[in-house]
Amino acid sequence: FDEPLFESETVVILDASLAYLPDARTRLAVTLESDLEETNIPFSSAVVTRIAQISAERALDARHTLRVAGVLEREHYLGLRRTDSTIGMQAAIERKLGDRMVFDLRGEWERFESPSLGEQFDVWEISTGLRYMFAGS
């Protein structure tokens, strides 16, 4: 971002994904993502976010699928000596209710840490969802 109040910085933005299918019912994946965005944090020109995720998906039978994932996210604020981290785990089970409708139950835990601010807290979430997939062309 061209902001005259801040020094220029060079940042590498890289996204990558690798999936492995050991059998017809299992999918393992590793994903790396990065992003550069503006921020409203005082004295910071932008925030660089990097996310690493490892996930597994297994079709238990024709109607049920189990998903689990672990995530590590780091946010580095340009212009400051501040890096925030989030680590998390997710698990979900889906049940097909028909050709186009899916019910799911999800659980998630995240821990946010900001050493420069002296903050750390956990977030626990349990949610359900019902999806209907409209017919495509």
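**Salt bridges and sheet layout**

Q: Is Glu 94 buried or exposed?
A: Glu 94 has a relative accessible area of 14%. This is a predicted model, where local features need pLDDT of at least 70, side-chain atom pairs count only at pLDDT 80 or more, and totals for chains, interfaces and linings use all residues. Residues are numbered from 1 along each chain as its sequence is written, and side-chain values use heavy atoms, with hydrogens and water left out. Buried means under 20% relative accessible area, exposed over 50% and partly exposed in between (1.4 Å probe, protein chains only), so Glu 94 comes out as buried.

Q: Which residue forms a salt bridge with Glu 94?
A: A salt bridge puts a side-chain nitrogen of Lys or Arg within 4 Å of a carboxyl oxygen of Asp or Glu. Here the closest N and O atoms are 2.8 Å apart. One partner sits in strand β4 and Glu 94 in strand β5, so the pair ties together parts 27 residues apart in sequence; strands are DSSP runs (E, at least two residues), numbered from the N terminus. The partner of Glu 94 is Arg 67.

Q: How far apart are the closest N and O atoms in the salt bridge of Asp 104 with Arg 106?
A: Asp 104 belongs to strand β6 and is buried at 4% relative accessibility, while Arg 106 is partly exposed at 34%. The closest N and O atoms of Asp 104 and Arg 106 are apart by 2.4 Å.

Q: Which residue meets Arg 58 in a salt bridge?
A: Arg 58 is partly exposed, with a relative accessible area of 31%. The link spans distant parts of the chain, from Arg 58 in strand β3 to a residue in strand β1, 35 residues apart. With an N to O distance of 3.1 Å, the residue is Asp 23.

Q: Which are the edge strands of the sheet?
A: Seven strands make an open, antiparallel sheet, ordered β1-β2-β3-β4-β5-β6-β7. Two strands pair if DSSP finds at least two bridges between them. An edge strand here pairs on one side only, which picks out β1 (16–23) and β7.

Q: Which residue of β3 stands opposite Arg 27?
A: Strands β2 (residues 26–37) and β3 (residues 46–59) run antiparallel and are joined by 12 bridges. Opposite Arg 27 in that pairing is Glu 57.

Definitions and conventions: Helices (H or I, at least four residues) and strands (E, at least two) are DSSP runs, numbered from the N terminus.
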